[in-house]
Amino acid sequence: MLKVRDLAIRFAGRSASEAGTLAVDGIDLDLDRAQVLALIGESGSGKSATMLALAGLLPKSAKTTGSVLLDDRSILHLDEREKSTVRGRRIGMIFQDPGGSLNPVLTVGDQIDEVVRTHRRLDRRAARAETVSLLSRVGIGDPAARARAYPHQLSGGLKQRVAIAAALAAQPTVILADEPTTALDATVQAQILDLLVNLVQVEHVALLLVTHDLAVAAAVADRIAVMYAGKIVERRGPEQLVTDPGHPYSRALGQAALPFVAAGDGRHAALPELPGRMAEAGGTACAFAPRCPLAIDRCRAQVPPVVPFGDGEAACFRAGETAQ
Amino acid sequence: MGRTWTLIRRRLLQAIPVILIVSIGIFGLLELAGGDAVDAYLAVTGGGDPAFAERLRQQWGLDAGLWVRFLAYVESLVTLDFGWSVVMSKPVSVAILERLPNTALMMGAAIAFSACLGTLLGGIAALRKGTAADAGITVGALVLNAMPSFWIGLIAIVVFAVKLAWFPLGGIASFDRPDLAIGRVLDVAWHLVLPVTVLGLAYMALYVRLMRSAMIETAASDWVRAARARGLPRLRIVRRHMARPALLPVVTMLGLQAGNLLGGSVVVETVFAIPGLGSLAYDAVSQRDLPLIAGILLVGTLMVIVVNLLVDITYARLDPRVTDDRVRAGGA
Amino acid sequence: MMRHWSIGGVIGAAVLAVLVLVAIAAPWLAPGDPLDIVGRPLLPPFTDPRFPLGTDQLGRNVFAGLVHGTRVSLLVGLAAAAAAIGVGILVGTVAGFLGGWTDEGLMRVTEAFQTIPTFLLALAMVSALGASTVNVVLAIAISSWPATARLVRAEILSLKSRDYVDAARLAGMSRLGIAFREVLPGAVQPVLALIGITVGVAILVESSLAFLGLSDPNQVSWGGMVANGRAVLRTAPYLVAIPGAAVAVAVLSVSLVGDAMGRRLLVSRER
């Protein structure tokens, strides 16, 4: 249903002569209704740029190539008017900071009402009824009263539930969630993840979850795509990715997150301490090689192709091997 | 509603020390000035022998010590008795009350005009940031801000009253007043167009700057990005998610500008011969009618306090985050 | 550093430099008392090379008035702004550093001065004390210090908690000694951004007072020239237009320079 092919994103340099930076270097993604795909990677890997491209929120200076099809319709290069029929209506979005994504001077009910009314020709009263129903569906008690509250009167978890309700308000087919639980307390984090998984089934939507946290991804995703320096380096089911990672980078992520996965609480895992910095995207070698404990000469000479591995695929010459 | 009353009570309590300090300051100024009401009276009535002056002083209680005079001054303030205006030949309070409505009308209109036009232009500049329109608005506001209001007023008179004859030269109403009430209202409005525009333009720049920077900030906010992601129409995002939160600092500025506008009204009322508080202040100052000056200063302070109270109430309505214990931080 | 000077800042600085030069060179540019009657009354500008900007209804040289008026405007503007900022820094530092009842009391006084309509106060002061240049400076200064005081106080409060203050206290310095020697230099920096506005407002207030006849009658001033030209507004509008434009140019150049200074400050602070 959502089909991304060879998507590349380049941010403009400061001057015309500068080449600019390649944030995303030709990635493919596939996502169906009632499915959760997690896109995981550290900051700078291109996962957020990918998400903004899907939502049509990239700045004008960013150049995109490739294709993004939603129900066989291209949504990548639309004008502003066409975009507004996709944003919200077809694709809902949830941001990291639940407080920041709500206007502080409007009631939360008003902010959901306006989405409902924009996309579904309802009158004021019908819209408010729908808002109250949405709030109750995202697990907010006493929804009619809460609709009259202002964001500052709600806790972080409640605000994120409101933001989820706003994302669902226009009955979209895809929900993009950008680190939706990072800013929340551990217990609230688990509740919000439960809610998201539950909503995917009940509302029959597709969820693309972007996170840097393998524990979070493994807890909710049907498939996980690991992103590094603008490329997808591994694509697996959650169990196998944790127990038998193919790419050394996935293994490093897993080692940091594993204790928490085993413990079963959705606690926030720190990023693995890897030597060196992330290489620039778009090179002629494996971008992970400078930090990789398994790197051989070949890794530094050519880009490793994607090969089948386990229940998915990995882009590594030494997939599945471990350091001695 | 309870919240509003708490706010009003709190603000009025805070106003007490301000009024007290201003009163003491005015008393000190009058003492410094030397020359009392008797001198002023004798100057107008054409002198008199020292014995007569002494008798008058005793009669008006002006021969007593500093403390006694101060207490008498405070007592007269509490009873709203500001003394006798030699220039107007009537009690100061009467003279002020007669002039107050014209100034209040002009000030209210000028505040509304400058705030509305200023926020509109500032908003447009923010949306068109970096373009020629932005530069034009920003520079235009700076230039207007640099022009003295008496000069804008005189130029406006030359162009719009003398050359084009669209508006009257001055005054608040025509000598041959229209019979119908509606006609009279329109007549006053017609007389106020130039002075209100001049006063408003002179104080508009701050609103332009403030709104521009506030709106550039809200435009970059996470909630505007979220609103775009929700597919809301652009106009709606601009109005509800950019402009509305950006208006909060502008509303605060309304209160701070009230005193400046009142000061500006002295010049504008003098230029346009409008019988208001400002031109009264001018008459008082140029003839050294000290009781009248003192009364106008106090009433002016009270007017600013009232405007600030109204601003605070409006602010509390616009910003839900203002609670009983965290009312708009400080006075500025 | 020049990169941060905007076009506006450069133009403002250039115009301001010219104005300062004119003010300094006034006695040579237009010798004699500008209030002397020197020619035929109401000569329009650009008709007589001796009076490039014409004469007023008494036959006084408009150019001479303009040149000498520059002195008064700039001098009063700078002096009043310096005094206002000085008082503001003093009050702000004492209030911010001593805290407690001193702070409370000083802030109430500051609030009172922010509430009272300042132009009315300046009018009252000049009227009560007499219309001399010193009194005009005093009146403007006394009505425009609160903004600086508030800013300095806020800066002091935020700087106060930093380590070096504790170190100075341990070294045995007195509280006000710490305030003026250690904390003040840091707190005064943002005040620089206020200078432009304060000087601009001071020039405007001076011209308004002069326009209302409240300035030293023996000194020529732009506001006074406008007031004088008002009587012949219909027949000789240039007598109003020229000195008024001079006020606008002076205030604009000062505020442009102030703006540029403020922006540079912002840039250097963000580093």
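1. Terms and basis. Helices here are DSSP runs of H or I with at least four residues, strands are runs of E with at least two, and both are numbered from the N terminus. By that rule, the secondary structure of chain B comes to 13 helices and 2 strands. This is a predicted model, in which local features need pLDDT of at least 70 and side-chain atom pairs count only at pLDDT 80 or more, while totals for chains, interfaces and linings use all residues. Residues are numbered from 1 along each chain as its sequence is written, and chains are lettered from A and ligands numbered from 1 in the order in which they are written.

2. Chain B overall. The C-alpha trace of chain B spans about 85 × 55 × 40 Å along its principal axes. Chain B has 332 residues, and 42% of them are buried. Buried means that 20 or more other C-beta atoms lie within 10 Å of the residue's own; 12 or fewer makes a residue exposed, and in between it is partly exposed, with C-beta atoms placed from the backbone. Two residues are in contact if their C-beta atoms, placed from the backbone, lie within 7 Å. Of the contacts in chain B with a separation of 6 or more, 73% join residues 24 or more positions apart.

3. Domains of chain B. Chain B is divided into domain 1 (2–91) and domain 2 (95–331). These bounds come from an automatic or database domain assignment. The centres of the two domains of chain B, taken over C-alpha atoms, are 32 Å apart. Where they touch, domain 1 of chain B gives 25 residues and domain 2 of chain B gives 21 residues. On the domain 1 side, α1 (2–33), α2 (37–45), β1 (84–85) and β2 (90–91) of chain B each supply at least two residues. The largest share of that side, 14 residues, comes from α1(B). By class, the domain 1 side has 16 nonpolar, 5 polar and 4 charged residues. Nonpolar covers Ala, Val, Leu, Ile, Met, Phe, Trp, Tyr, Cys and Pro; charged covers Asp, Glu, Lys and Arg; the others, Gly among them, count as polar.

4. Chain C overall. Chain C has 11 helices and 0 strands. Its C-alpha trace spans about 75 × 45 × 30 Å along the principal axes. Buried residues make up 50% of the 271 residues in chain C. Among contacts in chain C with a separation of 6 or more, 71% link residues 24 or more positions apart.

5. Helix α1 of chain C. This helix (residues 7–29) bends by about 45° at C:A23. The bend is the angle between axes fitted to the seven residues ending at a residue and the seven starting there. A proline, C:P27, follows within four residues. Three glycines of α1(C), C:G8, C:G9 and C:G12, are buried.

6. Chain C against chain B. Here 40 residues of chain C are in contact with 41 residues of chain B. On the chain C side, α3 (100–115), α4 (118–129), α9 (192–211), α10 (222–230) and α11 (238–270) give two or more residues. The helix that gives the most is α4(C), with 10 residues. The chain C side divides into 25 nonpolar, 10 polar and 5 charged residues.

7. Chain A against chain B. In this interface, 24 residues of chain A are in contact with 19 residues of chain B. Helix α3 (residues 108–119) of chain A gives the most to the chain A side, with 4 residues. That side has 12 nonpolar, 8 polar and 4 charged residues.

8. The sheet of chain A. In chain A, 8 strands form an open sheet in the order β6-β7-β8-β3-β9-β10-β12-β11, with mixed pairing. Strands pair if DSSP finds at least two bridges between them. The edge strands of this sheet are β6 and β11 (307–309) of chain A, each pairing on one side only. The twist averages 25° from one strand to the next. Such angles run from 0 to 180 degrees between N-to-C directions, and axes are lines fitted to C-alpha atoms, for helices over the stretch in contact.

9. Pairs within that sheet. β6(A) and strand β7 (residues 174–178) of chain A are parallel, over 4 bridges. A:G92 stands opposite A:I175 in β7(A). Strand β10 (residues 231–236) and strand β12 (residues 312–314) of chain A pair in the antiparallel sense over 2 bridges. The bridge partner of A:E234 in β12(A) is A:A314.

10. Cover on β6 of chain A. Is this strand (residues 91–94) covered on one face or on both? Both faces are covered: A:I91 and A:M93 on one side, and A:G92 and A:I94 on the other, are all buried. Helix α6 (residues 156–168) of chain A lies across β6 and β7 of chain A, and runs at about 170° to β6(A).
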